[in-house]
Amino acid sequence: MELVQKFFEEIIKFLGNLYPSMKNINTLIGTLFSIFVYYKVVYFIVGIFWTRKFSKAKINHKYGIVIAARNEETVIGNLIDSIKKQDYPKELLTIFVVADNCTDKTAEIVRKKGGVCYERKDLLHRTKGYALEFLFSKIEKDYGIESFEGYFVFDADNLLKEDYISRMNDAFDSGEKIITSYRHSKNFDENWISSTYAIHWLRSIRTGHRARSVFHLATNIQGTGFLIANEILKNGWHYTSLTEDRALTVDSVANGYQITYQDEAIFYDEQPTNLKIALRQRLRWSKGHLLAFIETSPKLFRNIFFGRKYSKNKIIYNKFYLNILDSLRYRFASYDILMLTIPFSVINLVRWLLISVFLYANYSYLNGICDINLFAGSTYLAKFLRNFTSIKLNVPSGIESLLMGLLIAIWLRIFYRIASYFEHIFEAVYVFIIERKRIKKMSLGKKILYSFTWPIFDIIGRYTTYIAIFKKVEWKAIPHTSKITIDDLNKS
């Protein structure tokens, strides 16, 4: 027994002595991570004031509009109606819908309203990506992909502002190959769950899309509401993972394509209002993002160092300095999207468990706990509380100190998250102020409520990412029940 005890004490001693050096390494890693993404401060500032503007198009281009629908009889007709109300030549638009494993009247409604509908029955391959793969293969067979210069991709619950396609055509006519747009919400103020999604899309616009468009960098596709040139689809659509948008984003950037943003093209999206459905969707997103990182991040990492050497979309300018500038821009775009795909929350969790919890507990066993402030940390809440009180713990070395070290590590993490929660409330306040002209009118009480509930969106994302590491996730359709039309939105 004494031998076993001595063995464990030696292990604890070894691990405890590792803590000081590992703590320094952990601090260095955290500092490097902060440096890696600090450029996003520039994005935030630029996003307040500027976005890329496009001149009016000289040519009206011919487009196919593709929609993947799974039992969407409630909403698909309203989307088609909003497409037909566009101020764009109707003869240049063709609506294609894949009624994907539908058991309702989706196909019947599409055909009645003049859309081309293909019905798909495949219960083994159920993601939206597989549905789009099927739809594009049918378009290639019956029309030819090159019959249309570009393709809009929408979800069945979307609605388009009357000048949406005209504004996207402006960007396409300027030479852009992949364009995303302003994602608004049909049901922003339906409840606190829908409001978190709505704020998230607007935050993405202000802290990412706008600045990237100004610098001619690649931004990220977010599910729906984008336009893609036919040349990218000449070999078909092959993005069939749980998050086809993330796969498309990373693959496009890796192959040398720029994804730009058109702020003047506005479409509306229905947000989940049921917590169970929202959690299911967020878990799918998290799993898809992890898989996208594993599958495609090596290409982005390669491009940071080699530029367009391995890119399919090679661009060569007449002047040497323009090639240098393009190479630098492309390398940074690859770096930027890589930073977007890296699962920092998972890496930080591992760092915390290994060093701040496990090694620190062993260190405490050896050295005891001396003057540990329960309100330690760099958050505003921690600094505020330290001005009024100072609760410090002192525990002698031994098993009691080891257990207390575990509790302190967990408490400080919880305290940090509480403080971060309150700090993130100001993101919603910022969105409500900066986007006030575009957000529908709602009471001050709702704005205050939604500002306080907004941080839950990122909390859910963090924990669904942890779960997604271990859980097998299958694609399931998100039900859409809103009967709101584009006319209703125009009146509000």
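## Helix packing in a predicted model

The buried residues of α5 pack against β1 (63-69), β2 (93-100), β3 (116-120), β4 (150-155) and α8 (244-254). Buried means under 20% relative accessible area (1.4 Å probe, protein chains only). Contact means heavy atoms within 4.5 Å. This is a predicted model: local features need pLDDT of at least 70, side-chain atom pairs count only at pLDDT 80 or more, and totals for chains, interfaces and linings use all residues. Residues are numbered from 1 along each chain as its sequence is written, and side-chain values use heavy atoms, with hydrogens and water left out.

Helices (H or I, at least four residues) and strands (E, at least two) are DSSP runs, numbered from the N terminus. The buried set of α5 is Lys128, Gly129, Ala131, Leu132, Leu135, Phe136 and Ile139. Down the axis of α5, these residues fall within an arc of 155°, so they line one face of the helix.

Next, a helix pair. The axes of α2 (residues 40-49) and α7 (residues 192-214) come within 7 Å and cross at roughly 80°. The two are therefore roughly perpendicular (65 to 115 degrees). The table lists the residues that make the contact.

| Helix | Contact residues |
|---|---|
| α2 | Tyr43, Phe44, Val46, Gly47, Ile48, Phe49 |
| α7 | Arg206, Thr207, Arg210, Ala211, Arg212, Val214 |

Arg167 is found in helix α6 (residues 164-173). Arg167 is buried, at a relative accessible area of 14%. Not counting residues up to four places away in sequence, Arg167 touches Lys56, Gln262, Glu264 and Ala265.

Terms used
Buried < 20%, exposed > 50% of the residue type's maximum accessible area, 1.4 Å probe, protein only. Arc of directions from axis to C-beta. Axes fitted to C-alpha atoms, helices over the stretch in contact; angles between N-to-C directions. Parallel < 35°, antiparallel > 145°, perpendicular 65-115°, else oblique.
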